[in-house]
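Thanks for sending this one over. My notes are below, as numbered points; have the model open while you read.

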Amino acid sequence: MEQNLHGLSNDKALNYLAQLIDSAHDQQSSEKTTLAFGEIAKLEDRELAPAEMALLYYFRSNAWANRIQEQGDQHSWNWEQTALQNQLLELRRALSHEGFYQLDPIRRCQIHTNLGNQLNSIGRFIEAIASWDSALAILPNFAMAHINRALGFESYSRCVYDPGHQAILALSAYDAYECALQPEALFESEENKRLKPKFIKYQEVIAQLIDVERVRQLLADQEQPLTGTRKEKQYKRWTLKNRLYVNPVNDACDLPIASQDVMTLPSIMEPFESSSYMPPPIVGFYNQLKQEYVSARFLLYQALHSDATHYSDTNVLLYNTLDYPSYGLSVEKLRAAFRMAYSLFDKIAFGLNRYLVLGHEVHRVSFRSLWYMPKKKTIHSKLENRENWPLRGLYWLSKDLHDPEFQLSTEPEAAELATIRNHLEHKYLQIHEEFTNSMSGRQIRDTDWGHHFIRSDFEAKTLRLLQLGRAALIYFCAAIHREEQMNQGGQEGKLTVPMSLDQWEDEWKF
């Protein structure tokens with residue numbers, strides 16, 4: 001095989017590599033996959049154009065996908081899988097490489113789709129939907145993005161406890177299958193096209209579980225103008241567009257029905273304490289998490305839409321440091337939104353530590369440490385192989401925030417979040433306005449004094465952090481729901497007493 005690569009142009013060498021990886025997959029050949037990794041290493045030593053380098057990352061992700069299949073780990077509940085982690089890393093490297101946008105549209109769709117598939121497999125189904133949507137933004141008829149989007153919505157619907165939400169998510173899956181089954185749907189290979197009868201059966205199963213036309217009519221009835229003042233409607237449209245409502249329906253559509261933060265914890269069973277007939281403390285805990293999230297979301301919205309100096313900033317003496325600094329109440333709202341959103345993750349860790357009785361000391365538990373045995377770097381014995389899909393999603397989300405290798409290959413808007421938070425809380429982070437033409441060519445660099453960001457970049461990172469925080473809140477609810485389902489088996493024959501809770505009315509909030 002040495003001869004096969006030797007003397008080939010970059011283009012032909014990459015084609016040979018693709019065929020080798022496909023052959024290894026078809027034959028389930030560990031030896032050929034090992035050979036492919038060796039060939040990839042040789043190609044890395046060449047002078048590769050940006051598009052060729054992005055393609056090489058994609059091929060290496062496929063080689064790691066072969067490893068997962070060869071090891072029989074496609075459906076494993078092992079939380080820590082080296083091959084899976086490496087596949088994710090390589091897909092993200094391909095996606096974030098400057099050569100990605102030079103690849104042909106089908107290849108770019110394949111990368112987005114594969115990333116979505118892997119995010120979905122580890123329990124990060126909300127971010128998976130965004131990846132499939134990115135593929136469809138390139139080629140709206142790309143069949144495998146529709147198919148995997150359908151599979152993702154099916155899984156998502158099984159994670160939520162509300163029947164109405166389940167039905168709407170299932171309808172999204174049904175419609176995604178329908179798009180993939182249209183004559184104009186683009187299948188990039190005959191092998192995938194031959195799977196169409198299988199997908200027809202999947203769609204038929206959904207039609208047996210829900211009344212498709214009734215759910216569709218329910219959504220059609222919601223196609224009405226948003227309510228509220230002009231400012232309220234503007235805020236709602238922005239929130240819907242960016243999928244920021246704590247509501248699974250917002251992942252399926254941006255209709256008014258999704259413009260409510262209605263997702264709460266599922267029913268929770270706790271031992272009855274005769275001395276205190278009170279709701280489980282976790283209910284109030286989640287109330288607070290959600291309140292902090294929606295307040296951070298609104299602070300970000302205000303920061304993005306501020307166009308005037310606030311009276312609290314008048315007559316505050318500040319010096320011009322000649323680097324276009326950004327000062328004012330709206331910038332501080334932006335900073336506060338970031339801090340509040342970031343704090344949600346450690347608080348979620350606190351709540352899971354208590355709920356799952358993981359045994360971490362309260363003052364030591366964090367979103368970084370929660371998943372491991374106290375003072376060790378091994379997966380916690382109570383979490384290892386635990387069959388809780390959204391809980392595993394939270395574990396993998398923690399890697400994006402705290403794993404240095406993941407941070408280097410993650411999406412630009414999600415990179416450096418932990419570093420930013422550290423500088424905001426403990427050091428110096430300076431935000432600058434966009435440079436004018438007269439400042440073109442001049443760069444702001446980090447110094448010993450602190451971290452520097454152009455305002456638009458910081459805004460993008462704060463928005464992405466809010467989206468991750470919103471996903472974490474939904475994963476948290478879904479993870480608790482799964483735990484309660486698993487716990488029900490031990491409650492047979494025991495007396496249970498229901499306790500209903502009233503809503504906290506809007507007029508009580510001030």
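Which residues of strand 2 (residues 451–454) are buried on one side, and which on the other?

1. Ground rules. This is a predicted model, where local features need pLDDT of at least 70, side-chain atom pairs count only at pLDDT 80 or more, and totals for chains, interfaces and linings use all residues. Numbering runs from 1 along each chain as its sequence is written, and side-chain values use heavy atoms, with hydrogens and water left out.

2. Strand 2. To answer the question: His451 and Phe453 are buried on one side, His452 and Ile454 on the other, leaving both faces covered. Buried here is under 20% relative accessible area, exposed is over 50%, and partly exposed lies in between (1.4 Å probe, protein chains only). In a regular strand, side chains alternate between the two faces of the sheet. Helices (H or I, at least four residues) and strands (E, at least two) are DSSP runs numbered from the N terminus.

3. Its partner. Strand 1 (residues 429–432) runs parallel to strand 2, paired through four bridges; pairing requires that DSSP finds at least two bridges. Opposite His451 of strand 2 you'll find Leu429.

4. A helix crossing. Helix 9 (residues 163–180) packs on helix 12 (residues 212–221) at about 110°, axes 10 Å apart. The axes are lines fitted to C-alpha atoms over the stretch in contact, with angles from 0 to 180 degrees between N-to-C directions. That makes the two helices roughly perpendicular (65 to 115 degrees; under 35 is roughly parallel, over 145 roughly antiparallel, the rest oblique). Helix 9 brings Ala167, Ile168, Leu171, Tyr174 and Asp175 to the contact, and helix 12 brings Val212, Val215, Arg216 and Leu219, contact being heavy atoms within 4.5 Å.

5. Aromatics. There are 28 aromatic pairs in the structure. Rings of Phe, Tyr and Trp (its six-membered ring) pair if their centres lie within 6.5 Å; planes under 30 degrees apart are stacked, over 60 edge-to-face, the rest tilted. Trp79 and Tyr395 form a tilted pair, 5.5 Å centre to centre with 35° between the planes. Trp79 sits in the loop between helix 4 (50–70) and helix 5 (82–96) and Tyr395 in helix 17 (residues 389–402), so this pair ties together parts 316 residues apart in sequence. Both residues, Trp79 and Tyr395, are buried.

6. Tyr395 again. Tyr372 and Tyr395 have ring centres 6.3 Å apart and planes at 70°, so that pair is edge-to-face. Tyr372 counts as buried at 8% relative accessibility, and Tyr395 is buried at 0%. Ring pairs link both into a cluster whose members include Trp79, Phe345, Trp371 and Phe453.
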